[in-house]
Protein chains: 2
Amino acid sequence: MNIIKQIDALRENINQAKKQNKTIVFIPTMGFLHQGHLSMAELARRQDETRSKFYIVMSIFVNPLQFGPNEDYDKYPRDLSRDAELAQRAGVDIIFAPTVHEMYPEGTSLTTVSVAEVTEGLCGAGRPGHFQGVTTVVSKLFNIVQPDIAYFGQKDYQQAITIKKMVQDLNFPIEIIVAPTVREQDGLAMSSRNSYLSPEERRQAPVLYRSLQEGAALIKQGETRPEIIREKIVQRIRNESTGQIEYVEIRNADNLATTSIIDSNVVIALAVRLGSTRLIDNIVVEV
Amino acid sequence: MNIIKQIDALRENINQAKKQNKTIVFIPTMGFLHQGHLSMAELARRQDETRSKFYIVMSIFVNPLQFGPNEDYDKYPRDLSRDAELAQRAGVDIIFAPTVHEMYPEGTSLTTVSVAEVTEGLCGAGRPGHFQGVTTVVSKLFNIVQPDIAYFGQKDYQQAITIKKMVQDLNFPIEIIVAPTVREQDGLAMSSRNSYLSPEERRQAPVLYRSLQEGAALIKQGETRPEIIREKIVQRIRNESTGQIEYVEIRNADNLATTSIIDSNVVIALAVRLGSTRLIDNIVVEV
(Lines give C-alpha, C1' and ligand atoms only; values in the text may rest on other atoms or scores of the structure.)
Protein backbone atom coordinates (compact mmCIF):
# COMPACT_ATOMS: atom_id res chain seq x y z
CA MET A 1 0.00 0.00 0.00
CA ASN A 2 1.36 3.40 -0.99
CA ILE A 3 1.13 6.74 0.77
CA ILE A 4 0.56 9.53 -1.73
CA LYS A 5 1.08 13.15 -0.74
CA GLN A 6 0.41 14.97 -4.02
CA ILE A 7 -3.04 15.65 -5.47
CA ASP A 8 -1.93 15.03 -9.06
CA ALA A 9 -0.28 11.72 -8.19
CA LEU A 10 -3.39 10.60 -6.32
CA ARG A 11 -5.62 11.49 -9.26
CA GLU A 12 -3.43 9.47 -11.59
CA ASN A 13 -3.45 6.53 -9.20
CA ILE A 14 -7.25 6.61 -8.87
CA ASN A 15 -7.73 7.00 -12.62
CA GLN A 16 -5.83 3.76 -13.09
CA ALA A 17 -8.23 2.05 -10.67
CA LYS A 18 -11.22 3.56 -12.50
CA LYS A 19 -9.92 2.24 -15.79
CA GLN A 20 -10.06 -1.19 -14.19
CA ASN A 21 -13.74 -0.53 -13.41
CA LYS A 22 -13.11 -0.38 -9.68
CA THR A 23 -15.62 1.23 -7.33
CA ILE A 24 -13.81 4.06 -5.55
CA VAL A 25 -14.51 4.00 -1.81
CA PHE A 26 -13.34 6.95 0.24
CA ILE A 27 -12.75 7.19 3.99
CA PRO A 28 -11.69 10.68 5.05
CA THR A 29 -9.92 10.82 8.45
CA MET A 30 -7.66 13.04 10.49
CA GLY A 31 -5.43 10.02 11.19
CA PHE A 32 -4.18 8.61 14.50
CA LEU A 33 -6.35 5.72 13.44
CA HIS A 34 -8.40 3.66 15.87
CA GLN A 35 -10.81 0.81 15.34
CA GLY A 36 -13.59 3.31 14.53
CA HIS A 37 -11.71 4.38 11.41
CA LEU A 38 -10.50 0.91 10.54
CA SER A 39 -13.96 -0.61 10.88
CA MET A 40 -15.05 1.50 7.91
CA ALA A 41 -12.40 -0.08 5.68
CA GLU A 42 -13.39 -3.48 7.02
CA LEU A 43 -17.08 -2.75 6.39
CA ALA A 44 -16.27 -1.76 2.83
CA ARG A 45 -14.18 -4.88 2.31
CA ARG A 46 -17.12 -7.01 3.50
CA GLN A 47 -19.43 -5.19 1.06
CA ASP A 48 -16.97 -5.99 -1.70
CA GLU A 49 -17.94 -9.61 -2.26
CA THR A 50 -15.36 -10.30 -4.93
CA ARG A 51 -12.63 -8.68 -2.76
CA SER A 52 -11.38 -7.04 -5.92
CA LYS A 53 -13.98 -4.52 -7.01
CA PHE A 54 -13.50 -1.85 -4.34
CA TYR A 55 -10.54 0.49 -4.37
CA ILE A 56 -10.36 1.95 -0.87
CA VAL A 57 -8.82 5.38 -0.53
CA MET A 58 -8.24 6.74 2.98
CA SER A 59 -7.22 10.34 3.50
CA ILE A 60 -5.24 11.36 6.56
CA PHE A 61 -5.27 15.12 6.94
CA VAL A 62 -5.55 17.22 10.07
CA ASN A 63 -7.51 20.05 8.51
CA PRO A 64 -6.61 23.40 10.10
CA LEU A 65 -9.81 25.00 8.72
CA GLN A 66 -12.04 23.02 11.07
CA PHE A 67 -10.20 23.96 14.27
CA GLY A 68 -10.99 27.13 16.19
CA PRO A 69 -8.16 29.43 17.32
CA ASN A 70 -8.26 28.00 20.87
CA GLU A 71 -8.70 24.38 19.86
CA ASP A 72 -6.25 21.49 19.70
CA TYR A 73 -4.97 21.72 16.12
CA ASP A 74 -1.30 21.84 17.13
CA LYS A 75 -1.46 19.06 19.68
CA TYR A 76 -3.83 16.83 17.69
CA PRO A 77 -2.08 13.41 17.68
CA ARG A 78 -0.31 12.36 14.47
CA ASP A 79 1.51 9.11 13.62
CA LEU A 80 1.52 8.42 9.90
CA SER A 81 3.75 5.33 9.86
CA ARG A 82 1.62 3.59 12.51
CA ASP A 83 -1.52 4.68 10.61
CA ALA A 84 -0.18 3.24 7.36
CA GLU A 85 0.44 -0.14 8.97
CA LEU A 86 -3.05 -0.27 10.54
CA ALA A 87 -4.75 0.89 7.34
CA GLN A 88 -2.99 -1.71 5.24
CA ARG A 89 -4.07 -4.48 7.59
CA ALA A 90 -7.68 -3.19 7.41
CA GLY A 91 -7.66 -3.45 3.62
CA VAL A 92 -7.03 0.14 2.56
CA ASP A 93 -5.55 0.36 -0.95
CA ILE A 94 -4.05 3.82 -0.85
CA ILE A 95 -3.47 6.55 1.74
CA PHE A 96 -3.69 10.18 0.72
CA ALA A 97 -1.73 12.24 3.23
CA PRO A 98 -1.30 15.73 1.80
CA THR A 99 0.56 18.57 3.49
CA VAL A 100 -1.37 21.67 4.53
CA HIS A 101 0.38 23.50 1.68
CA GLU A 102 -0.81 20.91 -0.84
CA MET A 103 -4.41 21.42 0.28
CA TYR A 104 -4.21 25.18 0.88
CA PRO A 105 -1.39 26.54 -1.29
CA GLU A 106 -2.38 30.08 -0.35
CA GLY A 107 -2.62 29.26 3.36
CA THR A 108 -6.40 29.21 3.32
CA SER A 109 -9.30 28.86 0.90
CA LEU A 110 -11.11 31.92 -0.44
CA THR A 111 -13.88 29.50 -1.34
CA THR A 112 -16.01 28.04 1.43
CA VAL A 113 -18.87 25.58 1.48
CA SER A 114 -21.47 26.10 4.20
CA VAL A 115 -24.54 24.14 5.24
CA ALA A 116 -27.26 26.00 7.14
CA GLU A 117 -29.72 24.68 9.76
CA VAL A 118 -28.25 21.22 10.47
CA THR A 119 -24.98 22.87 11.56
CA GLU A 120 -26.74 25.14 14.05
CA GLY A 121 -26.64 24.22 17.74
CA LEU A 122 -25.02 21.05 19.13
CA CYS A 123 -21.32 21.16 18.17
CA GLY A 124 -22.01 24.12 15.86
CA ALA A 125 -22.73 26.32 18.87
CA GLY A 126 -19.49 25.61 20.74
CA ARG A 127 -17.27 25.39 17.65
CA PRO A 128 -18.03 28.36 15.36
CA GLY A 129 -16.58 27.81 11.88
CA HIS A 130 -15.97 24.11 12.53
CA PHE A 131 -18.57 22.71 10.14
CA GLN A 132 -17.67 25.19 7.40
CA GLY A 133 -14.11 23.92 7.71
CA VAL A 134 -15.38 20.35 7.45
CA THR A 135 -17.66 20.90 4.46
CA THR A 136 -15.03 22.91 2.63
CA VAL A 137 -12.29 20.29 3.04
CA VAL A 138 -14.67 17.41 2.30
CA SER A 139 -15.76 19.17 -0.91
CA LYS A 140 -12.12 19.47 -1.89
CA LEU A 141 -11.43 15.83 -1.04
CA PHE A 142 -14.55 14.70 -2.92
CA ASN A 143 -13.35 16.59 -6.01
CA ILE A 144 -9.85 15.14 -5.68
CA VAL A 145 -10.86 11.53 -5.02
CA GLN A 146 -14.18 11.50 -6.94
CA PRO A 147 -15.39 8.46 -5.02
CA ASP A 148 -18.51 6.43 -5.70
CA ILE A 149 -19.02 5.79 -1.98
CA ALA A 150 -17.78 7.64 1.10
CA TYR A 151 -17.87 6.53 4.72
CA PHE A 152 -18.37 8.74 7.77
CA GLY A 153 -18.54 7.63 11.37
CA GLN A 154 -21.74 7.90 13.39
CA LYS A 155 -19.81 9.22 16.39
CA ASP A 156 -19.66 12.57 14.60
CA TYR A 157 -23.40 12.49 14.05
CA GLN A 158 -23.93 16.16 13.20
CA GLN A 159 -21.02 15.99 10.77
CA ALA A 160 -22.53 12.94 9.04
CA ILE A 161 -25.94 14.65 8.68
CA THR A 162 -24.21 17.80 7.43
CA ILE A 163 -22.24 15.89 4.80
CA LYS A 164 -25.37 14.05 3.67
CA LYS A 165 -27.17 17.39 3.29
CA MET A 166 -24.25 18.88 1.38
CA VAL A 167 -24.09 15.90 -0.97
CA GLN A 168 -27.82 16.16 -1.62
CA ASP A 169 -27.84 19.95 -2.09
CA LEU A 170 -24.74 20.13 -4.30
CA ASN A 171 -25.58 16.95 -6.27
CA PHE A 172 -22.32 15.17 -5.51
CA PRO A 173 -22.70 11.77 -7.24
CA ILE A 174 -21.56 9.97 -4.09
CA GLU A 175 -23.29 7.48 -1.81
CA ILE A 176 -22.72 8.36 1.85
CA ILE A 177 -22.59 5.49 4.33
CA VAL A 178 -22.66 6.24 8.05
CA ALA A 179 -20.74 3.56 9.95
CA PRO A 180 -21.69 2.57 13.51
CA THR A 181 -19.70 4.00 16.39
CA VAL A 182 -17.04 1.58 17.62
CA ARG A 183 -16.65 1.49 21.40
CA GLU A 184 -14.14 0.35 23.97
CA GLN A 185 -15.26 -2.60 26.12
CA ASP A 186 -16.60 -0.21 28.77
CA GLY A 187 -18.66 1.71 26.20
CA LEU A 188 -16.45 4.75 25.60
CA ALA A 189 -16.72 5.78 21.94
CA MET A 190 -13.36 5.44 20.23
CA SER A 191 -11.78 8.79 19.42
CA SER A 192 -8.29 10.00 18.66
CA ARG A 193 -8.86 12.52 21.43
CA ASN A 194 -9.21 9.75 24.05
CA SER A 195 -5.40 9.75 24.09
CA TYR A 196 -5.57 13.10 25.89
CA LEU A 197 -7.40 11.64 28.92
CA SER A 198 -5.64 11.19 32.28
CA PRO A 199 -6.17 7.77 33.91
CA GLU A 200 -8.82 9.26 36.21
CA GLU A 201 -10.63 10.99 33.32
CA ARG A 202 -10.46 7.77 31.33
CA ARG A 203 -12.08 5.96 34.29
CA GLN A 204 -14.93 8.47 34.34
CA ALA A 205 -15.44 8.70 30.57
CA PRO A 206 -17.81 5.71 30.10
CA VAL A 207 -20.52 7.63 31.96
CA LEU A 208 -21.25 9.43 28.68
CA TYR A 209 -22.45 6.30 26.94
CA ARG A 210 -24.10 4.86 30.09
CA SER A 211 -26.17 8.03 30.38
CA LEU A 212 -27.11 7.89 26.68
CA GLN A 213 -28.20 4.28 27.08
CA GLU A 214 -30.32 5.25 30.08
CA GLY A 215 -31.95 8.01 28.03
CA ALA A 216 -32.63 5.62 25.16
CA ALA A 217 -34.17 3.09 27.57
CA LEU A 218 -36.52 5.74 28.97
CA ILE A 219 -37.71 6.62 25.47
CA LYS A 220 -38.20 2.94 24.68
CA GLN A 221 -40.31 2.73 27.84
CA GLY A 222 -42.58 5.47 26.49
CA GLU A 223 -41.15 8.72 27.80
CA THR A 224 -41.89 11.40 25.18
CA ARG A 225 -40.71 14.56 26.99
CA PRO A 226 -37.19 15.54 25.84
CA GLU A 227 -36.60 17.68 28.93
CA ILE A 228 -37.12 14.66 31.23
CA ILE A 229 -34.61 12.58 29.25
CA ARG A 230 -32.17 15.45 29.17
CA GLU A 231 -32.41 16.01 32.93
CA LYS A 232 -31.74 12.32 33.69
CA ILE A 233 -28.63 12.34 31.52
CA VAL A 234 -27.33 15.60 32.95
CA GLN A 235 -27.87 14.34 36.50
CA ARG A 236 -26.11 11.08 35.84
CA ILE A 237 -23.05 12.74 34.26
CA ARG A 238 -22.87 15.21 37.18
CA ASN A 239 -23.23 12.43 39.76
CA GLU A 240 -20.72 10.06 38.24
CA SER A 241 -18.00 12.35 36.87
CA THR A 242 -16.31 15.72 37.11
CA GLY A 243 -17.30 16.40 33.47
CA GLN A 244 -18.40 19.86 32.38
CA ILE A 245 -21.44 19.47 30.14
CA GLU A 246 -21.35 21.54 26.93
CA TYR A 247 -24.68 20.24 25.68
CA VAL A 248 -27.12 17.35 25.98
CA GLU A 249 -29.81 17.51 23.30
CA ILE A 250 -32.53 15.37 21.79
CA ARG A 251 -33.05 16.11 18.10
CA ASN A 252 -34.84 14.63 15.10
CA ALA A 253 -32.52 11.88 13.87
CA ASP A 254 -32.89 12.75 10.18
CA ASN A 255 -32.66 16.53 10.04
CA LEU A 256 -31.56 17.48 13.59
CA ALA A 257 -34.68 19.61 14.09
CA THR A 258 -35.41 20.39 17.74
CA THR A 259 -38.45 18.62 19.06
CA SER A 260 -40.81 19.35 21.95
CA ILE A 261 -42.22 15.83 21.95
CA ILE A 262 -40.50 12.60 20.99
CA ASP A 263 -42.74 11.11 18.29
CA SER A 264 -40.23 10.03 15.63
CA ASN A 265 -36.68 8.71 15.48
CA VAL A 266 -34.39 10.88 17.55
CA VAL A 267 -30.72 11.20 18.30
CA ILE A 268 -29.56 11.99 21.81
CA ALA A 269 -26.27 13.83 21.40
CA LEU A 270 -23.89 15.28 23.95
CA ALA A 271 -20.56 17.00 24.37
CA VAL A 272 -18.77 16.88 27.72
CA ARG A 273 -15.43 18.28 28.75
CA LEU A 274 -13.36 15.99 30.99
CA GLY A 275 -10.49 18.15 32.19
CA SER A 276 -9.35 19.87 29.01
CA THR A 277 -10.58 17.08 26.71
CA ARG A 278 -13.83 17.57 24.84
CA LEU A 279 -15.65 14.30 24.17
CA ILE A 280 -18.79 13.78 22.08
CA ASP A 281 -21.13 10.84 21.76
CA ASN A 282 -24.67 10.07 20.64
CA ILE A 283 -27.28 7.36 20.39
CA VAL A 284 -30.09 7.00 17.89
CA VAL A 285 -33.44 5.85 19.25
CA GLU A 286 -36.04 4.46 16.88
CA VAL A 287 -39.54 5.40 17.95
CA MET B 1 -30.36 16.95 -30.21
CA ASN B 2 -32.36 16.18 -27.11
CA ILE B 3 -33.55 18.42 -24.30
CA ILE B 4 -33.24 16.67 -20.95
CA LYS B 5 -35.01 18.02 -17.89
CA GLN B 6 -34.14 15.41 -15.25
CA ILE B 7 -30.79 15.17 -13.46
CA ASP B 8 -30.77 11.36 -13.47
CA ALA B 9 -31.54 11.17 -17.18
CA LEU B 10 -28.79 13.66 -17.96
CA ARG B 11 -26.28 11.68 -15.89
CA GLU B 12 -27.17 8.53 -17.78
CA ASN B 13 -26.85 10.32 -21.10
CA ILE B 14 -23.43 11.75 -20.20
CA ASN B 15 -22.20 8.42 -18.84
CA GLN B 16 -22.91 6.91 -22.24
CA ALA B 17 -20.77 9.61 -23.84
CA LYS B 18 -17.99 9.01 -21.29
CA LYS B 19 -18.02 5.32 -22.08
CA GLN B 20 -17.27 6.32 -25.67
CA ASN B 21 -14.25 8.25 -24.32
CA LYS B 22 -15.77 11.59 -25.21
CA THR B 23 -14.49 14.79 -23.66
CA ILE B 24 -17.40 16.40 -21.83
CA VAL B 25 -17.65 20.11 -22.58
CA PHE B 26 -20.08 22.19 -20.55
CA ILE B 27 -21.58 25.57 -21.33
CA PRO B 28 -23.84 26.83 -18.53
CA THR B 29 -26.31 29.54 -19.60
CA MET B 30 -29.56 31.14 -18.53
CA GLY B 31 -30.91 30.68 -22.04
CA PHE B 32 -32.42 33.22 -24.46
CA LEU B 33 -29.32 32.40 -26.43
CA HIS B 34 -27.41 34.95 -28.45
CA GLN B 35 -24.20 34.71 -30.44
CA GLY B 36 -22.17 35.15 -27.24
CA HIS B 37 -23.48 31.82 -25.96
CA LEU B 38 -23.39 30.11 -29.33
CA SER B 39 -19.81 31.19 -30.01
CA MET B 40 -18.73 29.04 -27.06
CA ALA B 41 -20.17 25.92 -28.67
CA GLU B 42 -18.59 26.94 -31.96
CA LEU B 43 -15.22 27.53 -30.26
CA ALA B 44 -15.44 24.09 -28.67
CA ARG B 45 -16.34 22.51 -32.00
CA ARG B 46 -13.29 24.16 -33.58
CA GLN B 47 -11.08 22.82 -30.77
CA ASP B 48 -12.47 19.37 -31.45
CA GLU B 49 -10.40 18.56 -34.50
CA THR B 50 -11.94 15.17 -35.13
CA ARG B 51 -15.43 16.68 -34.76
CA SER B 52 -16.34 13.58 -32.78
CA LYS B 53 -14.40 13.70 -29.52
CA PHE B 54 -16.26 16.52 -27.76
CA TYR B 55 -19.69 16.01 -26.25
CA ILE B 56 -21.10 19.47 -25.73
CA VAL B 57 -23.63 19.89 -22.92
CA MET B 58 -25.39 23.24 -22.59
CA SER B 59 -27.51 24.01 -19.56
CA ILE B 60 -30.37 26.47 -19.77
CA PHE B 61 -31.53 27.44 -16.31
CA VAL B 62 -32.62 30.80 -14.99
CA ASN B 63 -31.25 30.35 -11.48
CA PRO B 64 -33.44 32.12 -8.90
CA LEU B 65 -30.61 32.01 -6.31
CA GLN B 66 -28.53 34.54 -8.20
CA PHE B 67 -31.27 37.19 -8.49
CA GLY B 68 -31.92 39.73 -5.75
CA PRO B 69 -35.48 40.35 -4.53
CA ASN B 70 -35.78 43.50 -6.68
CA GLU B 71 -34.10 42.10 -9.76
CA ASP B 72 -35.47 40.77 -13.04
CA TYR B 73 -35.89 37.05 -12.29
CA ASP B 74 -39.56 36.97 -13.26
CA LYS B 75 -39.21 39.00 -16.45
CA TYR B 76 -35.89 37.44 -17.53
CA PRO B 77 -36.51 36.37 -21.16
CA ARG B 78 -37.10 32.67 -21.84
CA ASP B 79 -37.62 30.83 -25.13
CA LEU B 80 -36.58 27.19 -24.93
CA SER B 81 -37.73 26.03 -28.37
CA ARG B 82 -35.88 28.87 -30.11
CA ASP B 83 -32.83 28.16 -27.90
CA ALA B 84 -32.87 24.49 -28.84
CA GLU B 85 -32.84 25.29 -32.52
CA LEU B 86 -29.95 27.74 -32.19
CA ALA B 87 -27.96 25.40 -29.95
CA GLN B 88 -28.32 22.51 -32.34
CA ARG B 89 -27.09 24.61 -35.23
CA ALA B 90 -24.07 25.67 -33.12
CA GLY B 91 -23.12 22.06 -32.49
CA VAL B 92 -24.49 21.45 -29.00
CA ASP B 93 -25.10 17.73 -28.35
CA ILE B 94 -27.53 17.94 -25.46
CA ILE B 95 -29.46 20.65 -23.62
CA PHE B 96 -30.08 20.33 -19.89
CA ALA B 97 -33.09 22.46 -18.99
CA PRO B 98 -34.17 21.53 -15.47
CA THR B 99 -37.11 23.03 -13.62
CA VAL B 100 -36.47 25.06 -10.48
CA HIS B 101 -37.94 22.16 -8.52
CA GLU B 102 -35.49 19.72 -10.09
CA MET B 103 -32.58 21.90 -9.02
CA TYR B 104 -34.00 23.01 -5.65
CA PRO B 105 -36.49 20.37 -4.53
CA GLU B 106 -36.82 22.12 -1.17
CA GLY B 107 -37.25 25.54 -2.77
CA THR B 108 -33.73 26.59 -1.90
CA SER B 109 -30.36 25.10 -0.99
CA LEU B 110 -29.25 24.86 2.65
CA THR B 111 -25.77 24.42 1.23
CA THR B 112 -24.03 27.42 -0.28
CA VAL B 113 -20.67 27.92 -1.94
CA SER B 114 -19.05 31.32 -1.47
CA VAL B 115 -15.89 32.88 -2.82
CA ALA B 116 -14.36 35.76 -0.88
CA GLU B 117 -12.32 38.76 -2.14
CA VAL B 118 -12.84 38.42 -5.92
CA THR B 119 -16.61 38.76 -5.40
CA GLU B 120 -16.22 41.99 -3.43
CA GLY B 121 -16.92 45.28 -5.18
CA LEU B 122 -17.83 45.63 -8.87
CA CYS B 123 -21.07 43.66 -9.42
CA GLY B 124 -20.74 42.15 -5.93
CA ALA B 125 -21.42 45.55 -4.37
CA GLY B 126 -24.66 46.25 -6.23
CA ARG B 127 -25.92 42.65 -6.26
CA PRO B 128 -25.54 41.20 -2.74
CA GLY B 129 -25.90 37.41 -2.80
CA HIS B 130 -25.54 37.25 -6.57
CA PHE B 131 -22.17 35.54 -6.74
CA GLN B 132 -23.07 33.10 -3.96
CA GLY B 133 -26.07 32.13 -6.08
CA VAL B 134 -23.80 31.69 -9.09
CA THR B 135 -21.12 29.63 -7.34
CA THR B 136 -23.74 27.46 -5.64
CA VAL B 137 -25.59 26.63 -8.85
CA VAL B 138 -22.39 26.16 -10.84
CA SER B 139 -21.12 23.74 -8.16
CA LYS B 140 -24.35 21.81 -8.54
CA LEU B 141 -24.13 21.82 -12.32
CA PHE B 142 -20.46 20.78 -12.22
CA ASN B 143 -21.39 17.82 -10.01
CA ILE B 144 -24.28 16.88 -12.27
CA VAL B 145 -22.46 17.21 -15.60
CA GLN B 146 -18.91 16.39 -14.39
CA PRO B 147 -17.37 18.04 -17.41
CA ASP B 148 -13.72 18.00 -18.43
CA ILE B 149 -13.93 21.54 -19.79
CA ALA B 150 -16.37 24.38 -19.04
CA TYR B 151 -16.82 27.65 -20.92
CA PHE B 152 -17.73 31.01 -19.41
CA GLY B 153 -18.10 34.29 -21.26
CA GLN B 154 -15.69 37.16 -20.70
CA LYS B 155 -18.57 39.65 -20.63
CA ASP B 156 -19.26 38.45 -17.08
CA TYR B 157 -15.63 39.01 -16.15
CA GLN B 158 -16.01 38.94 -12.36
CA GLN B 159 -18.08 35.77 -12.66
CA ALA B 160 -15.38 34.10 -14.77
CA ILE B 161 -12.64 35.02 -12.27
CA THR B 162 -14.86 33.84 -9.40
CA ILE B 163 -15.50 30.48 -11.06
CA LYS B 164 -11.79 30.03 -11.79
CA LYS B 165 -11.01 30.74 -8.14
CA MET B 166 -13.70 28.31 -6.97
CA VAL B 167 -12.43 25.58 -9.28
CA GLN B 168 -8.90 26.10 -8.01
CA ASP B 169 -9.86 26.26 -4.31
CA LEU B 170 -12.27 23.31 -4.36
CA ASN B 171 -10.09 21.21 -6.69
CA PHE B 172 -12.78 20.69 -9.33
CA PRO B 173 -11.03 18.63 -12.04
CA ILE B 174 -12.31 20.98 -14.74
CA GLU B 175 -10.51 23.24 -17.20
CA ILE B 176 -12.17 26.65 -17.37
CA ILE B 177 -12.05 28.50 -20.68
CA VAL B 178 -13.09 32.15 -20.84
CA ALA B 179 -14.54 32.95 -24.25
CA PRO B 180 -14.21 36.43 -25.79
CA THR B 181 -17.16 38.78 -25.58
CA VAL B 182 -19.20 38.79 -28.76
CA ARG B 183 -20.44 42.23 -29.81
CA GLU B 184 -23.03 43.74 -32.09
CA GLN B 185 -21.64 45.63 -35.10
CA ASP B 186 -21.73 48.89 -33.16
CA GLY B 187 -19.77 47.37 -30.25
CA LEU B 188 -22.57 46.65 -27.77
CA ALA B 189 -21.75 43.44 -25.89
CA MET B 190 -24.34 40.77 -26.59
CA SER B 191 -26.59 40.11 -23.63
CA SER B 192 -30.00 38.57 -23.14
CA ARG B 193 -30.86 41.77 -21.27
CA ASN B 194 -30.35 43.89 -24.42
CA SER B 195 -33.89 42.81 -25.32
CA TYR B 196 -35.14 45.09 -22.53
CA LEU B 197 -33.74 48.25 -24.18
CA SER B 198 -36.02 50.82 -25.80
CA PRO B 199 -34.94 51.99 -29.28
CA GLU B 200 -33.45 55.16 -27.78
CA GLU B 201 -31.59 53.22 -25.05
CA ARG B 202 -30.33 50.79 -27.67
CA ARG B 203 -29.05 53.75 -29.68
CA GLN B 204 -27.13 55.04 -26.65
CA ALA B 205 -25.82 51.67 -25.43
CA PRO B 206 -22.65 51.45 -27.60
CA VAL B 207 -21.13 54.29 -25.58
CA LEU B 208 -20.19 51.71 -22.95
CA TYR B 209 -17.76 49.92 -25.21
CA ARG B 210 -16.58 53.13 -26.90
CA SER B 211 -15.65 54.51 -23.51
CA LEU B 212 -13.85 51.27 -22.55
CA GLN B 213 -11.89 51.41 -25.79
CA GLU B 214 -10.92 55.00 -25.07
CA GLY B 215 -9.74 53.96 -21.59
CA ALA B 216 -7.73 51.09 -23.03
CA ALA B 217 -6.15 53.41 -25.62
CA LEU B 218 -5.06 55.84 -22.89
CA ILE B 219 -3.38 53.02 -20.97
CA LYS B 220 -1.66 51.83 -24.12
CA GLN B 221 -0.42 55.43 -24.58
CA GLY B 222 1.22 55.25 -21.15
CA GLU B 223 -1.35 56.58 -18.72
CA THR B 224 -0.83 54.73 -15.40
CA ARG B 225 -3.28 56.59 -13.12
CA PRO B 226 -6.54 54.64 -12.77
CA GLU B 227 -8.45 57.71 -11.59
CA ILE B 228 -7.65 59.56 -14.85
CA ILE B 229 -8.90 56.64 -16.94
CA ARG B 230 -11.97 56.30 -14.79
CA GLU B 231 -12.79 60.02 -15.07
CA LYS B 232 -12.52 59.94 -18.90
CA ILE B 233 -14.89 56.99 -19.10
CA VAL B 234 -17.40 58.48 -16.67
CA GLN B 235 -17.37 61.79 -18.55
CA ARG B 236 -17.89 60.12 -21.90
CA ILE B 237 -20.82 58.03 -20.69
CA ARG B 238 -22.40 61.12 -19.07
CA ASN B 239 -21.87 63.22 -22.20
CA GLU B 240 -23.13 60.67 -24.69
CA SER B 241 -25.99 58.95 -22.87
CA THR B 242 -28.60 59.20 -20.14
CA GLY B 243 -27.04 56.17 -18.41
CA GLN B 244 -26.75 56.02 -14.63
CA ILE B 245 -23.29 54.72 -13.76
CA GLU B 246 -23.19 52.00 -11.10
CA TYR B 247 -19.44 51.59 -11.24
CA VAL B 248 -16.44 52.10 -13.47
CA GLU B 249 -13.36 50.41 -12.06
CA ILE B 250 -9.85 49.44 -13.07
CA ARG B 251 -8.69 46.24 -11.39
CA ASN B 252 -5.91 43.68 -11.68
CA ALA B 253 -6.97 41.40 -14.53
CA ASP B 254 -5.99 38.17 -12.78
CA ASN B 255 -7.28 38.57 -9.22
CA LEU B 256 -9.40 41.75 -9.42
CA ALA B 257 -7.28 43.47 -6.77
CA THR B 258 -7.68 47.25 -6.73
CA THR B 259 -4.67 49.11 -7.99
CA SER B 260 -3.38 52.62 -7.42
CA ILE B 261 -1.05 52.49 -10.40
CA ILE B 262 -1.46 50.56 -13.63
CA ASP B 263 1.68 48.43 -13.88
CA SER B 264 0.31 45.03 -14.87
CA ASN B 265 -2.57 43.65 -16.93
CA VAL B 266 -5.82 45.27 -15.89
CA VAL B 267 -9.48 44.96 -16.63
CA ILE B 268 -11.62 48.05 -16.96
CA ALA B 269 -15.11 46.99 -15.92
CA LEU B 270 -18.33 48.93 -15.70
CA ALA B 271 -22.02 48.63 -14.97
CA VAL B 272 -24.43 51.25 -16.27
CA ARG B 273 -28.18 51.48 -15.99
CA LEU B 274 -29.96 52.61 -19.16
CA GLY B 275 -33.52 53.26 -18.07
CA SER B 276 -34.32 50.20 -15.98
CA THR B 277 -31.85 47.94 -17.79
CA ARG B 278 -28.52 47.20 -16.13
CA LEU B 279 -25.74 46.59 -18.64
CA ILE B 280 -22.19 45.45 -17.89
CA ASP B 281 -19.09 45.34 -20.04
CA ASN B 282 -15.32 45.21 -19.67
CA ILE B 283 -12.06 45.33 -21.55
CA VAL B 284 -8.75 43.71 -20.65
CA VAL B 285 -5.64 45.80 -21.26
CA GLU B 286 -2.26 44.12 -21.42
CA VAL B 287 0.46 46.29 -19.96
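Colleague: In what sense do β5 of chain A and β5(B) pair, and over how many bridges?

Modeller: Two strands pair if DSSP finds at least two bridges between them. Strands here are DSSP runs (E, at least two residues), numbered from the N terminus, and helices are H or I runs of at least four. In this predicted model, β5 of chain A (residues 111–115) pairs with β5(B) in the antiparallel sense, over five bridges.

A word on the numbers: residues count from 1 along each chain as its sequence is written, and chains are lettered from A in the order in which they are written. Local features need pLDDT of at least 70, and side-chain atom pairs count only at pLDDT 80 or more, while totals for chains, interfaces and linings use all residues.

Colleague: Which element gives the most to the side of chain B that touches chain A?

Modeller: Contact means C-beta atoms, placed from the backbone, within 7 Å. By that rule, 22 residues of chain B touch 22 residues of chain A. On chain B's side, α1 (7–19), β5 (111–115), α6 (130–145) and α7 (157–169) each supply at least two residues. β5(B) gives the most, with five.

Colleague: How do α6(B) and α7(B) lie, and why call them oblique?

Modeller: Axes are lines fitted to C-alpha atoms over the stretch in contact, with angles from 0 to 180 degrees between N-to-C directions. Under 35 degrees is roughly parallel, over 145 roughly antiparallel, 65 to 115 roughly perpendicular, and the rest oblique. These two axes come within 11 Å and cross at roughly 50°, so α6(B) is oblique to α7(B). Among the residues that meet there are B:F131 and B:V134 in α6(B), and B:I163 and B:M166 in α7(B).

Note on methods. Contact = placed C-beta atoms within 7 Å.
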